Amino acid sequence: RKNTKRVPSFRKLLRTSQIKLDNKLKNKQYKQKSAAKKYRKEQKKLREAVRDAISRKPFPLEECKKKQVDKKWEEKEEEDALPLDMMDEDDLKLMEDLAQKASFLTRDLSSNEPVHIKKRKHESVIEKYEKVPRRLQTEPEKELIHLLPIKDKSGIIPQAVEKPVLNVAHDEEEDTEDVEGAEDFNEEPLPVLTPEEMAAQRRQKLQERKMHIAALASAILSEPDSNIKKLKELRAMLMEQDPNVAVIVRKLVMVSLMEIFKDIAPSYKIRPLTEAEKATKVKKETQKLREFEEGLVSQYKFYLENLEQTIKDWKQRKLKKSNVISLKAYKGLAEVAVKCLCELLVALPHFNFHNNIIVLIVPLMNDPSKMISELCVEAVKKLFKQDKLGYASLGVVKVISGLVRGRNYDVRPEVLKVFLHLRIKEVELQKDSEDIAPKKKFMTYKEKRKNLSRMQRKWKKAEEKLERELLEAEASESKQKKLKLHTETLNIVFVTYFRILKKAQKSPLLPAVLEGLAKFAHLINVEFFDDLLIVLHSLIASGVSDVLNIDPMKFYTHLYKTLFSLHAGGTNEDIGIVLQCLDVMFAKRRKQVSQQRALAFLKRLSILALHVLPNSSVGILATNRIFMQTFPRMDLLLDNESQGSGIYLPELDEPEHCNAQNTALWELHLLQRHYHPTVQKFASHLIAGAPTEGSGALPLDLSQR
């Protein structure tokens, strides 16, 4: 009959065994207390009996007289008794028959009680105490630990040792002094170790644990199939109880198990066997492989559960009952556990429980601890960059979308910025399909001619043709699968972006959303553009700047108007975003930008360079250099003579109608006298017309930056 008893999990076994040990210790202490209490009760009864005997009243005179009369009557009866030789044979035989009955000899004839009564009802305290068997050993019985027996010629000899028990202090006042004296006499004082001796003892213990970890890891890596059960022994060291080395040992075991699983995990996902497969008889090698895979998946699952529990205990500020590790040390353990999970997330995206790891890692991207948050963000970025097909990326994007929505868009911007590292580009589709397509090396013509006969070459040619067709079909199928996964992933990304644009316009996630839209703008469905433009127009009306790949005039007007809101104070840091916008809106779309618009932005940027810090001034002047080299006739602003009708209107917020061609860049002369040497060099370079060669050209180290 098949045993259907469910095997308990490793964590349950550990928890149950700890409870059993605690209960066993409590029961032992309770037995010791009960034995001591019973002994004290017996001593108390004895003292009461002695006191009763001393204070007992004398018998009344009548009873004494009665006893004396009875005694005389008995003596008289003894004198009147006939000797045996004078009795008849019949009478003597009758007496012998009566003597065979114990009740006849032991019965008190003066009593009216039945013959078969068990004991007298009125029994004195002293007689009761005297009937109690003497116990020379007052200490509780010691528990024995049974060892393996020894077998010799005579037979099997059982072996056992006494298990040490704890001394129990007596509570009663009358026995306190005696017990304390006995304890002081029996207990030996523990040796006091110096700090140097304690450090040496700790180093020795730690070295022993390290050697044990190394031995187990080496055995597993050398023969994983045979030593898969040693994973359980190594994982048990995650519950190290010695407070002196517990933290370091647990960290070492976590990292060791992580490296072992990365090394021995196969390159495929292990599925559970069906009932029919279990019932089928297989070869020894197949059965051994099945046992290895089953043990590997089981231990890997338990290991991930241990890492998860370590992180949860730290997050909940929860200590174990044993208090082996402090709360401060738990933070270090949790950080190591997160590092192990991040390594497994990147290294084993194809293996079992990868989705479980994603569910653990993604919420930690929003963790208050900056270190843990950065670890998880970097791990997700690596996963996106190396994921060629898109299965793992799709799983992460789904969990991030759910996290952002579940937290009501209150997450770190870094959580959304990881979308920028998704490997979804039309340019890379062909390259990726070639990378994931299986590669087959075919024989060259020389190799065929040298090694094969004519008939063999003919068959080989037909075989290679068929294999090429199969490989092309597989590559086409993989490409279609990849496109389908990328489409689903982008849909989830855009849904997340649009939700934030509509429902959380004041959220700090908005810059990350706009940056993502700029990156994936060429992949957005045309049907969504109308709704997207309406939302972006409403954002502009509320005063929020953005980065876009679209060319409506109002976006240029808004950016032109926003430039004068920047200064050397807190907004100096926003210059970088402005320069990125200018690069997208002018350098990358130079054929769609008019000369009037370019002249207006060049003049306003030169004015802005006087009001910001030197680092921003250098960036603005470098952008002006690009303007002068990209757009024709920018040197108009280096001439004092006006061109055309009208005068320059610097306060007008319409770049097309401010008559920028009728002004000059007189700001460059002020910047030539700037205290910062790099600003001076750039100003002189622009006054000379931004030449690429000659005396007015920039030094090589500045022109290449």
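1. A hairpin connects β1 to β2 through two residues. Strand β1 covers residues 144-152 and strand β2 covers residues 155-162; the two run antiparallel and are joined by seven bridges. Here two strands pair if DSSP finds at least two bridges between them. Helices (H or I, at least four residues) and strands (E, at least two) are DSSP runs, numbered from the N terminus. Within the pairing, I145 stands opposite V161 in β2, and K151 stands opposite I156 in β2.

2. A word on the basis of these notes: this is a predicted model, in which local features need pLDDT of at least 70 and side-chain atom pairs count only at pLDDT 80 or more, while totals for chains, interfaces and linings use all residues. Residues are numbered from 1 along each chain as its sequence is written, and side-chain values use heavy atoms, with hydrogens and water left out.

3. How confident is the predictor, as a mean pLDDT of the chain? The mean is 78, and 73% of the residues reach 70 or more; pLDDT is the predictor's confidence in each residue, from 0 to 100. Contact means heavy atoms within 4.5 Å.

4. Now to the helices. Helix α11 (residues 284-315) packs with helix α12 (residues 327-347) at an angle of about 140°, their axes 9 Å apart. Axes are lines fitted to C-alpha atoms, for helices over the stretch in contact, and angles run from 0 to 180 degrees between N-to-C directions. The pair is therefore oblique: angles under 35 degrees count as roughly parallel, over 145 as roughly antiparallel, 65 to 115 as roughly perpendicular and the rest as oblique. α11 passes α12 in a left-handed crossing, meaning that the near helix is turned anticlockwise from the far one by less than a right angle. Contributors to the contact include Y300, Y303 and W314 of α11, and Y330, K331 and L344 of α12. By class, the contact has 14 nonpolar, one polar and two charged residues. Ala, Val, Leu, Ile, Met, Phe, Trp, Tyr, Cys and Pro count as nonpolar, Asp, Glu, Lys and Arg as charged, and the others, Gly among them, as polar.

5. Helices α23 (residues 575-587) and α24 (residues 595-608) pack at about 165°, with axes 13 Å apart, and are therefore roughly antiparallel. Their crossing is left-handed. I575, L582 and F586 in α23 meet R597, A598, F601, L605 and L608 in α24, a contact of seven nonpolar, no polar and one charged residues.

6. What is the angle between α24 and helix α25 (residues 614-630)? It is about 160°, with the axes 10 Å apart, so the two are roughly antiparallel. This crossing is left-handed. A598, F601, L602, L605, S606 and L608 in α24 meet I620, T623, N624, F627 and M628 in α25; these divide into eight nonpolar, three polar and no charged residues.
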